[in-house]
Amino acid sequence: LAVPNLAPNSISAGGATGSAGSSVLHPDLWAAVSGKVNQQSVLRALRGMDIPEAAAVASLIKRGKVELNFTDELLTIPQGAVQPWQTNQITIYRNYSGDVKQTASLVAHETEHYLQNLTQAEYADGVTAIKAELGAYSVQRRFDPTFRLRTDEQVIDYLVSEKLYPQITRG
């Protein structure tokens with residue numbers, strides 16, 4: 001039984017085989033199926049989801065409208081991704097983002113913030129911040145049915161309890 005050569009730098013075109021007669025994968029496909037969280041694996045996960053928004057998020061990434069950056073930097077705050085104000089950049093922190101499907105849901109959450117296009121001054125208003133986060137967490141819940149914040153009330157409880165959102169209070 002021949003074992004396929006799955007090394008990422010074993011490139012072939014049109015189904016050609018490697019030196020041992022085994023099939024090889026294109027580097028983008030290798031990146032998507034290697035188990036590592038990266039842009040190709042996130043795109044593959046998004047395309048495999050049966051929700052229209054997933055195809056839209058994948059399209060934004062593929063066309064360069066949203067740029068993903070992955071880092072192994074350790075975070076001291078419970079945040080798997082961030083989308084800096086009025087940029088098309090999303091940074092994913094691999095140490096906190098989870099598996100590929102969970103990461104795809106984080107990307108969808110942050111893409112929602114990109115589409116909201118809020119300024120830091122606008123977000124500083126607690127009501128605007130709550131609306132923005134409820135929208136983003138709603139998207140994340142649709143993408144990840146195992147996401148722990150299943151209701152808007154749970155999201156609000158989380159936002160009020162987190163130091164990341166000092167402008168959000170109950171009242």
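**Exercise 1. Determine which residues of helix 8 are buried, and how they are arranged about the helix axis.**

Step 1. In this predicted model, in which local features need pLDDT of at least 70, side-chain atom pairs count only at pLDDT 80 or more, and totals for chains, interfaces and linings use all residues, helix 8 has Val 155, Ile 156, Tyr 158 and Leu 159 as buried residues. Buried means under 20% relative accessible area, exposed means over 50%, and partly exposed lies in between, with a 1.4 Å probe and protein chains only. Helices (H or I, at least four residues) and strands (E, at least two) are DSSP runs, numbered from the N terminus. Residues are numbered from 1 along each chain as its sequence is written, and side-chain values use heavy atoms, with hydrogens and water left out.

Step 2. Viewed down the axis of helix 8, the buried residues fall within an arc of 160 degrees, so they line one face of the helix; the arc is that of the directions from the helix axis to the C-beta atoms.

Step 3. The buried residues of helix 8 pack against helix 7, where contact means heavy atoms within 4.5 Å.

**Exercise 2. Describe the span of helix 7, its buried residues and what covers them.**

Step 1. Helix 7 comprises residues 126–143, which are 18 residues, and reaches 26 Å from its first C-alpha to its last, close to the 26 Å expected at 1.5 Å a residue. The expected span is 1.5 Å times one less than the number of residues.

Step 2. Its buried residues include Gly 126, Ala 129, Leu 134, Tyr 137, Val 139 and Phe 143, and Glu 133, Gln 140 and Arg 141 are buried in helix 7 as well.

Step 3. The cover of these buried residues includes helix 2 (39–47), helix 3 (52–62), helix 5 (100–116), helix 6 (120–123) and helix 8 (152–161).

**Exercise 3. Identify the residues with the most contacts inside the largest nonpolar core, and the elements that supply it.**

Step 1. A nonpolar core is a set of buried Ala, Val, Leu, Ile, Met, Phe, Trp, Tyr and Cys residues joined through side-chain atoms within 4.5 Å. The largest one has 23 residues, and those with the most contacts inside it are Val 42, Leu 46, Val 57, Ile 61, Leu 68, Val 107 and Phe 143.

Step 2. Helix 2, helix 3, strand 3, helix 5 and helix 7 each supply at least two residues of this core.

Step 3. Val 57 may be taken as a worked case: leaving aside residues up to four places away in sequence, Val 57 touches Leu 46, Val 107, Ala 108, Thr 111 and Phe 143.

Step 4. Another core, of 14 residues, lies apart from the largest one, and Tyr 123, Phe 147, Leu 149 and Ile 168 are among its members.

**Exercise 4. Work out the order and pairing of the strands in the sheet.**

Step 1. The sheet is open, has three strands in the order 1-3-2, and shows mixed pairing; two strands pair if DSSP finds at least two bridges between them.

Step 2. Strand 1 (67–71) and strand 2 (81–82) stand at the edges with a single partner strand each, so one side of each is left without a neighbour in the sheet.

Step 3. Strand 1 and strand 3 (residues 89–93) run parallel and are joined by five bridges, and the bridge partner of Glu 67 in strand 3 is Gln 89. Strand 2 and strand 3 run antiparallel and are joined by two bridges, with Ile 92 of strand 3 as the bridge partner of Ala 81.

Step 4. Four of the five residues of strand 3 are buried, so strand 3 is largely enclosed by the rest of the structure.
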